[in-house]
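Trainee: I've got a model open and would like to talk it through with you. Can we go step by step?

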Amino acid sequence: MPETSTADMRARRARLLGPAYRLFYDEPFQPVRGQGVWLYDAAGTPWLDAYNNVACVGHSHPQVVEAIARQAATLNTHTRYLHEGILDYAERLLATLPNALGHAMFTCTGSEANDLALR
């Protein structure tokens, strides 16, 4: 399979995702996989990932991958339904926080979190 040029990928991205999305770098970075604290480009060059959303446990962490697979094989739903899994998780999480923080609110994105916080 031929490698897609950066220019072609940028044009495709703009066409499919629209103008609200922006790239973070003048020279776009295209990782193809992650392992631990490293992201790898198509040439296999490792790049230290101290910025992305997984810096606390790393990419492809075996325990996280296993937990995601286990949950996806069981149920993938929203908190609009009653389910003990989310309640168990909320109890464990809240037990690590000050008592004044008595509720957990789970979101997928920053904008969703902001919207919920405003409510």
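Trainee: How many aromatic pairs does a search of the whole structure find?
Mentor: A caution before the count: this is a predicted model, where local features need pLDDT of at least 70, side-chain atom pairs count only at pLDDT 80 or more, and totals for chains, interfaces and linings use all residues. Residues are numbered from 1 along each chain as its sequence is written, and side-chain values use heavy atoms, with hydrogens and water left out. Rings of Phe, Tyr and Trp (its six-membered ring) pair if their centres lie within 6.5 Å; planes under 30 degrees apart are stacked, over 60 edge-to-face, the rest tilted. On that basis, the number of aromatic pairs found is two.

Trainee: Are the rings of Tyr-89 and Phe-106 stacked, edge-to-face or tilted?
Mentor: The ring centres are 5.4 Å apart. The planes stand at 40°, so the pair is tilted.

Trainee: How many residues apart in sequence are the parts that Tyr-89 and Phe-106 tie together?
Mentor: Helices (H or I, at least four residues) and strands (E, at least two) are DSSP runs numbered from the N terminus. Tyr-89 belongs to helix H3 (residues 84-94), while Phe-106 sits in the loop between H3 and helix H4 (110-118). The pair therefore links parts whose separation in sequence is 17 residues.

Trainee: Is Phe-106 buried, partly exposed or exposed?
Mentor: Buried means under 20% relative accessible area, exposed over 50%, and partly exposed in between (1.4 Å probe, protein chains only). Tyr-89 has 38%, which makes it partly exposed. Phe-106 has a relative accessible area of 31%, so it is partly exposed.

Trainee: In what order do the three strands form the sheet?
Mentor: Two strands pair if DSSP finds at least two bridges between them. Strand E1 (31-35) and E3 are the edge strands, each pairing on one side only. The sheet is open and antiparallel, in the order E1-E2-E3.

Trainee: Which residue takes a positive phi in the hairpin of E2 and E3?
Mentor: Start with the other hairpin: E1 and E2 have two residues between them, and Gly-36 in that turn has a positive phi of about 65°. The hairpin of E2 and E3 has four residues between the strands, and the residue with a positive phi, near 85°, is Gly-44.

Trainee: What is phi of Ser-60 near?
Mentor: Ser-60 is found in the loop between strand E3 (46-48) and helix H2 (62-74). At 39% relative accessibility, Ser-60 is partly exposed. Its phi is positive in a residue other than glycine, and the value is near 60°.
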